[in-house]
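Visitor: I have a structure open and would like to learn how to read it. Could you walk me through it?

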Amino acid sequence: HAQVVESGGGLVQTGGSLRLSCAASGFALDHYDVGWFRQVPGKEREGVSCISGSGDRTDYEGAVKGRFTIFRDNPKNTVYLQMNNLKPEDTAVYYCKTLFLCTSGRYFYTEDTWGQGTQVTVSA
């Protein structure tokens, strides 16, 4: 029953912005650190950003640092990824996932299961 659903992706021009949402149902998302990952067809998923359960600690992959902001609204059971100054290399399917630890450069989780994600496409 417990799941997270990603939304907010779309097609945007270089330099544009999108806000992705990760909405949880069936459990309390604030019990968990949460990570955003992205995947390009034919390549492995990579961690993009993560946030602690309380929202007081965040981490960003170097390519997105300064452009993306992760934040959460725990009463709404939702984590967000604000993406500004988007570049074509940001094009990917974006996924969110509960973590047992969000730490610098490493996002730890126990189950290798994923939802449908949300597609972000940035045109040049």
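**Disulfides and a sheet**

Guide: Gladly! A search of the whole structure turns up 2 disulfides. Please keep in mind that this is a predicted model.

Visitor: Which cysteines should I look for, and how far apart are the sulfur atoms of C22 and C96?

Guide: A pair of cysteine sulfur atoms within 2.5 Å is counted as a disulfide. C22 and C96 form such a link, with 2.0 Å between their sulfur atoms. The other link joins C50 to C102, and there the S to S distance is 2.0 Å.

Visitor: What parts of the chain does the C22 and C96 pair link?

Guide: Distant ones. C22 sits in strand β3 (residues 18-25) and C96 in strand β9 (residues 92-99), which puts the two cysteines 74 residues apart.

Visitor: And where do C50 and C102 lie?

Guide: C50 belongs to strand β5 (residues 46-51) and C102 to strand β10 (residues 101-103), so this pair ties together parts that are 52 residues apart in sequence.

Visitor: How do I read the handedness of the C22 and C96 disulfide?

Guide: Look at the torsion about the S-S bond. For C22 and C96 it is about 75°, so the disulfide is right-handed. The link of C50 and C102 has 70° about its S-S bond and is right-handed.

Visitor: Are these cysteines buried or exposed?

Guide: C22 has a relative accessible area of 1%, so C22 counts as buried. C96, at 4%, is buried as well. C50 and C102 are both buried too.

Visitor: What is the pairing when the bonded cysteines are numbered in sequence order?

Guide: The pairing is then 1-3, 2-4.

Visitor: How many bridges join β7 and β8?

Guide: β7 pairs with β8 (residues 78-83) in the antiparallel sense over 6 bridges. To see one of them on screen, find I70 and look across to L81, its bridge partner in β8.

Technical notes: Residues numbered from 1 in each chain as written. Predicted model: local features only at pLDDT ≥ 70, side-chain atom pairs only at ≥ 80, totals over all residues. Heavy atoms only, no water. Pairing = 2+ DSSP bridges. Helix = DSSP H or I, 4+ residues; strand = E, 2+ residues; numbered from the N terminus. Buried < 20%, exposed > 50% of the residue type's maximum accessible area, 1.4 Å probe, protein only.
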